[in-house]
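I opened this entry to keep track of what I look up, one item at a time. The model comes first, then my notes.

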Amino acid sequence: MRKLALSDEILLKIEKPARYIGNEVNSVNKDVNKVDVRFAMCFPDVYEIGMSHLGIQILYDMLNQREDTYCERVYSPWIDLDKIMREEKIPLFTLESQRPVKECDFLGITLQYEMCYTNILQVLELSLIPLLAADRDEDCPVVIGGGPCAYNPEPLADFFDLFYIGEGETSYFALLDLYKEMKEAGRTRREFLEAAAGIPGIYVPSLYHVTYNEDGTIKEFAPNKEGIPATVEKQVVMNVTDTYYPSAPVVPYIKVTQDRVVLEIQRGCIRGCRFCQAGMLYRPTRERDIDMLKKYAYEMLKNTGHEEISLSSLSSSDYSKLEELVTYLIDEFGQKGVNISLPSLRIDAFSLDVMSKVQDVRKSSLTFAPEAGSQRMRNVINKGLTEEDILSGAFQAFKGGWNKVKLYFMLGLPGETEEDIRDIARLADKIARSYYEIPKEERNGKCQITVSTSFFVPKPFTPFQWVRMNTMEEFLEKARIVNREVKDQLNRKSIKYNWHEAEVTILEGLLARGDRRVGKAILKAYENGALYDAWSETFHFEYWTSAFEETGVDLAFYTDRERSADEILPWDFISIGVTKQFLLREWERSKSEEVTKNCRAGCSGCGAAVYKGGVCLEDKN
Amino acid sequence: MKFIGHLDIMRYFQKAIRRADIDIVYSEGFSPHMIMSFAAPLGVGLTSNGEYMDIEVKGSLSSREAIARLNAVMADGIEILSWRQVPEGKAGKAMSLVAAADYTVTVPRGIFPENMEKDASEMLESFMGQKEITIIKKSKKSEKEADIKPMIYRFELLPEDKGREEGLQFKMQLATGSSANLKPELVMEAFAAFARFELPPFAIRVNRDEVYADTGAEGCRNLVSLEELGDEVG
């Protein structure tokens, strides 16, 4: 029997002890003394969230294929255990070997959303690793950040030894080989980091310096010495078929958010919505071969025993063989009690037909993400969904028996007017009206339309990376306008309106486009008590506001300010293929409400063709 | 495994049965579920080597093959010991038949006060010699007294030499199931209270050893392990 890091007494008094004991089906068991490299892979949130993340499952499987490497998992202890670990001085441990994280050679932390930044500091502190990279000695693991938020790593620059920019499948083995070689040769941590900076996609923040202008903008960002690349290239795996993918993912004992087989059908998105960071970061769109997907669907279901399989990608409807794939899944597994879930599908005749086969129409709801209420605004953001698409999709669905619709919008988009905002409520009402056009005897009671708005956060590497974000007051006033307008609609009783919290949004805006100086505010907020900021029950805005006061970080400078086109942005040293010129062009087009075609309808020369693959090389005829 | 709650153990077995490709029967409807039930849910913190579950299959593999297939997909710490066919209908529904269970309770050295460790055997004798063993049952609304003695079928201390290393070990057989159910922790608390001692939380270890059905006629107990209710499949 493995010895657990926590005593029975502790495990029996905390919530969900199964979060901390490992030993799940398909978890990897290796002898820690018989490997050269130990890699702790961390998702800095609670187990149920972290275990639902596909990226870590891919890397876990890939790294463990190496005999010389043992990749183990680490998640954030929930606040009940956090308190006990501090009181009893128990160091944070990996789930597999139940041994301290600090023994590992690497601690890799995935950065999936800004609001987990304080959890990173918790993981470091509980692991007994100095929070600041500058304070770490030879005994500390090398702390690596990766994932979407690593595309603006600057607010976290003080806490990480290096960042991996881009998709993990390409450069990790080179990094591990280098580490092994240098460790055997007895080289120092510093020497390793300098050598690592030469691997494509690796950014070592301590090897770069930043100077600022008097107005607070960046004057210069440059390497400290020769031989360190001035630009860091994002990593992309161009062949997404012959690559790493876990055929036997770990099966948690407790119910996690994504309690199912996840089949990633493609990477990237052809659509080019101007607010969407993922749509730019993951260009070019690359499809996985359908035979590979069929094979993995079978093996993953067999090896996990999951009762559900979900297709995953941005805009799944754009996968060219979607119909064939879905038909295969239904025919092959539908009879064996396997549910098939299809998120991010465009609502049309095909998807309605599929959905009616795989779910109970009366219980399920349809989801539309028009993102903006007016056609004018949808043109501004390049969301190629027309009112006609929405109304006809909804009407077909209503005739098919559905009566629940969810609508997602954003408030605070650039150039938004009061009319655009009111149109959110009016669109919901038009959908309700179309429901009541169906003869009463064919209807399934009342319809239920849920309108949700989030507040727009400008993100790096999007055409809106320069724009001024709304203030908290503006956001809340806009939510009130929607709320009042909903109440003025004919079908107000069929419409329910929810809006997102403004405080979290503002912080997300700061962290998303912050520079190196923001790091000290993150540290201060953590010291003030901020932790699990992504959870409303544990979020306290005042920890952050006092941190800004104490560190002199000016929230408005980062959020409430439009950047000029020639300003050096903190993330400009990263190259994602998509060029700054293209993003600027798109920003200009958005101001004149011009729509840009999707990649298949016509290439707009975004720059991603530099990778020579995916949709860029598809036959345009 | 003792940290996994009953509902998660159910989910674990649903997935394990799929991995092993056992030809289980599903309920009808839009979200079909496996026909599966556990004889007696095991509380979090307890270990066991006597758990039973019923499943309905379309056709059975041989016992040996089914056990091998299931064990090939088990997590460390769960092992399938037996696969038996039970009669159809109520006689085959383990949950409705459960009447008693055996437990081994370990009290690690140093938990009980010295006198209690030394004189455990005599104390147990006088504890069981009481006419009634009353405990206070706390519910959300009220507290009421209950006599648990009729639900303790057996309670004894294992000979010292067996349990010396780990601490004191007790064996008990208690009423279990839907009509009467007594938890071993409660018995240990009552025993400690009898010796004017308060048991610290999570101090003892409990293992379930066996689960029984009562095949006796009215009022006359005849316990048979659930294992004995079924037959090997050849």
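I start with a cut-off: a residue is buried if 20 or more other C-beta atoms lie within 10 Å of its own, exposed if 12 or fewer, and partly exposed in between, with C-beta atoms placed from the backbone. I also note that helices (H or I, at least four residues) and strands (E, at least two) are DSSP runs, numbered from the N terminus.

I am working with a predicted model, in which local features need pLDDT of at least 70, side-chain atom pairs count only at pLDDT 80 or more, and totals for chains, interfaces and linings use all residues. Residues are numbered from 1 along each chain as its sequence is written, while chains are lettered from A and ligands numbered from 1 in the order in which they are written.

**Entry 1: a helix in chain A**

I looked up helix α5 (residues 117-126) of chain A and asked why it is largely enclosed by the rest of the structure. Among the buried residues of α5(A) I found A:Tyr117, A:Asn119, A:Leu121 and A:Leu126. For the next item, two residues are in contact if their C-beta atoms, placed from the backbone, lie within 7 Å. The buried residues of α5(A) pack against several elements of chain A, including β1 (37-43), β2 (69-75) and α17 (519-528). A:Leu128 follows α5(A) and has a positive phi, near 65°.

**Entry 2: the sheet in chain A**

Two strands pair if DSSP finds at least two bridges between them. I traced an open sheet of six strands in chain A, in the order β2-β1-β3-β4-β5-β6, with mixed pairing. β2 and β6 (202-203) of chain A stand at the edges with a single partner strand each, so one side of each has no neighbour in the sheet. β4 (residues 142-146) and β5 (residues 162-164) of chain A run parallel and are joined by two bridges. A:Ile144 stands opposite A:Leu162 in β5(A).

**Entry 3: two crossing helices**

Axes are lines fitted to C-alpha atoms, for helices over the stretch in contact, and angles run from 0 to 180 degrees between N-to-C directions. The axes of α13 (residues 387-399) and α14 (residues 418-436) of chain A come within 9 Å and cross at roughly 35°. I took the contact residues next: A:Leu391 and A:Phe395 are among those from α13(A), and A:Leu427 and A:Ile431 among those from α14(A). I sorted residues with Ala, Val, Leu, Ile, Met, Phe, Trp, Tyr, Cys and Pro as nonpolar, Asp, Glu, Lys and Arg as charged, and the others, Gly among them, as polar. The contact of α13(A) with α14(A) then has seven nonpolar residues, one polar and two charged.

**Entry 4: where the chains meet**

How many residues does the contact take from each chain? I noted 23 residues from chain A and 18 residues from chain B. The largest share of the chain A side, five residues, comes from α1(A). That side divides into nine nonpolar, six polar and eight charged residues.

**Entry 5: chain B**

I counted seven helices and twelve strands in chain B. Buried residues make up 22% of its 234 residues. Chain B is divided into domain 1 (6-96) and domain 2 (97-224), with bounds from an automatic or database domain assignment. The centres of the two domains of chain B, taken over C-alpha atoms, are 29 Å apart. In chain B, 13 residues of domain 1 are in contact with eleven residues of domain 2.
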